[in-house]
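Trainee: Could we go through this model together? I would like to begin with the helix packing.

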Amino acid sequence: MKSAVLVFPGINRERDLARAFEVVSGVKSHMVWHTETELPDVDVVAIPGGFSYGDYLRCGAIAARSPIVDAVRRHAERGGYVLGICNGFQIVTEIGLLPGALMRNASLKFVCKEVRLRVDNATTAFTSAYAPGQVIRCPIAHGEGNYFADAETLARLEGEGRVVFRYCDAEGRTTDAADPNGSINHIAGILNERGNVLGMMPHPENLIESLQGGIDGRGLFESLAKVA
Amino acid sequence: MLRNDIPITPELVAEHGLKPDEYQRILDLIGREPTLTELGIFSAMWNEHCSYKSSKKWLKTLPTKGERVLIGPGENAGVVDIGDGQAVVFKMESHNHPSYIEPYQGATTGVGGILRDVFTMGARPIAAMNALRFGEPTHPKTHHIVSGVVAGVGGYGNSFGVPTVGGEVNFHRRYNGNCLVNAFAAGLLDADKIFLSEAKGVGMPVVYLGSKTGRDGIHGASMASAEFDDNSAEKRPTVQVGDPFAEKLLLEASLELMASGAVIAIQDMGAAGLTCSAVEMGAKGNLGLELNLDAVPCREPGMTAYEMMLSESQERMLMVLHPHLEQQAEAIFRKWGLDFAIVGQTTDTLRFVVKHHGEVMADLPIKDLGDQAPEYDRPWVEPKKLPVLDPAATRAPEDYRQALLDLLGSPNLSSRRWVWEQYDHLIQGNTVQRPGGDAAVVRVERPNGGKAKGLGFTCDVTPRYVEADPYEGGKQAIAESWRNLNAVGSRPIAVTDNLNFGNPERPEIMGQFVAALRGLGEACRALDMPIVSGNVSLYNETNGVAILPTPAIGAVGLMDDVTKTVGIAFDRDEDVVVLIGDTIGWMGQSSYLYELFGIEEGAPPPVDLAIEKKTGDFVRDAVIAGRLTAAHDLSDGGLLVALAEMAMAGKTGARILLPELDMPLHAFLFGEDQARYVVTASPAEASKLIVDAAMAGVPATAIGAVGGDALVIGEHLNVAVADLRDRHESWFPGYMSGV
């Protein structure tokens, strides 16, 4: 699996993400600076977490207008995989590759903890290593992860099985208490129509080695390695 | 705009925080009346915060050397060898006064300053902690300060991208008028690539990097060297504003620039900004330095030399660069979108010359600015010793279940989850022991592969103890950090100290300082934990009421194999619970008396350093040998609180069998005797452990077994772990949401 990790000023989980790709696939990621206009020849373009441009103006808004973004769009149009995590998810929605928006957490606070996610679609290129309905542990660390989309968009996402991850409790029940940010329908990660762009707030890249307290995040990278 | 050549009146001198005799010293040194800019420079260099004039005499008595110590106090941060050509760089620093006036910005710039200290030396930050102390929860300002400080610490660290892995939060009425915000940061570097502030070579370009200079924070260091009164809110304009995004860029650009080989010397602009950094670089290198302020990137027009020299605008660096690599260096900074300007050069004159609009605004002897700063031997009185409380004379609880729940639900012993969940503690993917245990553990990969090492991090001090007996309290702060590091399996290697006290011009406060340092020094020597960096914050007083003396300790431990670490959680049913160390039931200054009855009486528990050493070595060895399934140091709240914490962490109960007691039960369960741990091990291993402990001369007693969903002590206590958790977890969120 050949991967590129995009680096915008203020991004700070690029090393974590590159490490996850390397640990799982054995191949080092290309680190791509935001002023580049071409991507290297890769299967997956990953946009990491952080605070691109300090989250000033609006999370992800400035990064979404970077020179590299056209190349990312072309990559997606060609069917290449795009993975946006946390700030990367926000950037991907700002680019318009995924619908909806990420608002301030309902608690109005940044929150870092481990949550449970239910894999609601295990047939995607990003989740095939998981079992359908599997409940996994996953860290989160964000202040603006409250997913919102209008009713029509939401109905399409749900109807087409594009809600891939949902916040839930240890038994897999989606409850308000198990939702760390107030996302609509407890949505933690969504897919585009074509199935090649995934955006998610949680950080599977921080739970891939037993030393980190678990390996539940590996499945996402293993899934990609199977198809890429 | 003030002219540079106005007459220097006694009022102007006083406004700069300089005493008449200190001003006379200036006149004697330079042989003429200073200009306004020069007066500003002296006030910045000679205030307590920068000059350590009251504390220097006593700081010199602390142990700062050791086999692993590569750089001790005097640089931006201490550097300690951790093998494999790697070193850990760390320091703790206060941002107390600004945080009280403007909690969010005060805390952010505190975090920013300490991170900059670490990466200025060439290290990438890998861990942050913070020790926070607030007034009593019912005080009208406390809620606002807690909320602002925690949001500020998180707002900066999260965006910068360093895991905030540990810390302390305390409440006490003596912090009603002065909160404490002590920020710790640690970074990792190659031991042969340490960057220092000492300038080298004549005619070398002095380069300004980072954010622009504004009018914020002018005289911040002087404010931090004065007491507060009711008008302190008027000092808000002296507080700086932090920009973590700029700091992140500065980090990446600085590390890239250092790797390029262009950097000769580097110093961050912290307290007293351009003045302190420039003087330090020149003075350390035995060189003069000339600044041309016309080239300084400014945020607003019309700034005077005086303002530029005293601005504490954040996220700025000063460097001396190799002239032939200047362009390459500039390209790196342009890439990161940061300002880059050549603002001066090194000279062989040993003068500090500041020019603006073609005029000389200041021309001072550079070495004397630091070396000739006043140094005081302030009068001090030996603190009085308090009587030892007879445990039998202290109140027993009417109901142990209720007493335990009330303790776990008290402001000082309740869970800090509300705090650390606002801090990104998982970024970088190396957090092996997360917040909530004894010490955090962060993985450190070896440069050439192989099993990863670990670094343990903890923050400790029990200010009530220090108030009651500064000497024993000073020892205890070190001893507790020693225990916390041992409990996770790391060998304590060095500490940083953040000494927060009241007004040193009062002999009883100075007496606290002197005695506490005697205790710290003695403990550091006995436990082989040299002090490699630190910070002194005095004048923490409002309207004549001083804080509790708070020598906060940040300590670092090293593990050869990070996988050997254990946490505090009860893990496996039938594991045996073993109490390590001697208990006589020390009730003086205990959390039990303070939290439940509001009593702060008696001498605090004494610390026997030889016993701490022996006990700590035994426990650490047992952890590293893989013999234990959990280990927890005993501190606030004593044995019963520790057992409850282990039960809550593991969501598993335990049945405790009381040994025969020659003290009241409540003294056994809540006493805060030192040099104690609770560990768990399999039944077979526990038997062997107890034998080995006896051989090593370490008291060890099996006191129960893990299992069930309740913590049970015969007929005295039976409480569901779920109930413990409920109480423990609910105080902080309840208080902060105003319930």
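Trainee: Which residues of helix 15 of chain B meet helix 25 of chain B?

Mentor: B:Arg401, B:Gln402, B:Leu404, B:Leu405, B:Asp406 and B:Leu408 of helix 15 of chain B meet B:Asp723, B:Leu724, B:Arg727 and B:His728 of helix 25 of chain B. Contact means heavy atoms within 4.5 Å. These residues divide into 4 nonpolar, 2 polar and 4 charged. Ala, Val, Leu, Ile, Met, Phe, Trp, Tyr, Cys and Pro count as nonpolar, Asp, Glu, Lys and Arg as charged, and the others, Gly among them, as polar.

Trainee: What should I know about the source of the model and its numbering?

Mentor: This is a predicted model, in which local features need pLDDT of at least 70 and side-chain atom pairs count only at pLDDT 80 or more, while totals for chains, interfaces and linings use all residues. Residues are numbered from 1 along each chain as its sequence is written, chains are lettered from A and ligands numbered from 1 in the order in which they are written, and side-chain values use heavy atoms, with hydrogens and water left out.

Trainee: At what angle do helix 15 and helix 25 of chain B cross?

Mentor: Their axes cross at roughly 35° and come within 7 Å. Axes are lines fitted to C-alpha atoms, for helices over the stretch in contact, and angles run from 0 to 180 degrees between N-to-C directions. Helices (H or I, at least four residues) and strands (E, at least two) are DSSP runs, numbered from the N terminus.

Trainee: And how do helix 8 and helix 25 of chain B cross?

Mentor: The axes of helix 8 and helix 25 (residues 721-736) of chain B come within 10 Å and cross at roughly 105°. The two helices are therefore roughly perpendicular to each other; angles under 35 degrees count as roughly parallel, over 145 as roughly antiparallel, 65 to 115 as roughly perpendicular and the rest as oblique. B:Thr142, B:His143, B:Val146 and B:Ser147 of helix 8 of chain B make the contact with B:Phe732, B:Tyr735 and B:Met736 of helix 25 of chain B. That contact has 4 nonpolar, 3 polar and no charged residues.

Trainee: Where does helix 7 of chain B come in relative to helix 8 of chain B?

Mentor: The axes of helix 7 (residues 103-119) and helix 8 (residues 142-160) of chain B come within 7 Å, crossing at roughly 35°. Their contact comprises 12 nonpolar, 7 polar and 1 charged residues.

Trainee: Let us turn to the sheet. In what order do the 7 strands of chain B lie?

Mentor: The order in this open sheet of chain B is 23-25-22-26-24-27-28, with mixed pairing. Two strands pair if DSSP finds at least two bridges between them. Strand 23 (630-633) and strand 28 (717-720) of chain B are at the edges with a single partner strand each, so one side of each has no neighbour in the sheet. From one strand to the next, the twist averages 20°.

Trainee: Which helix touches strand 27 and strand 28 of chain B?

Mentor: Helix 15 (residues 400-408) of chain B packs on the sheet there, its direction making about 45° with that of strand 28 of chain B. As for the two strands, 4 bridges join strand 27 (residues 710-713) to strand 28 of chain B, and they run antiparallel. B:Val712 has B:Asn718 in strand 28 of chain B as its bridge partner.

Trainee: One last topic: how many helices and strands are in chain A?

Mentor: Chain A has 5 helices and 11 strands.
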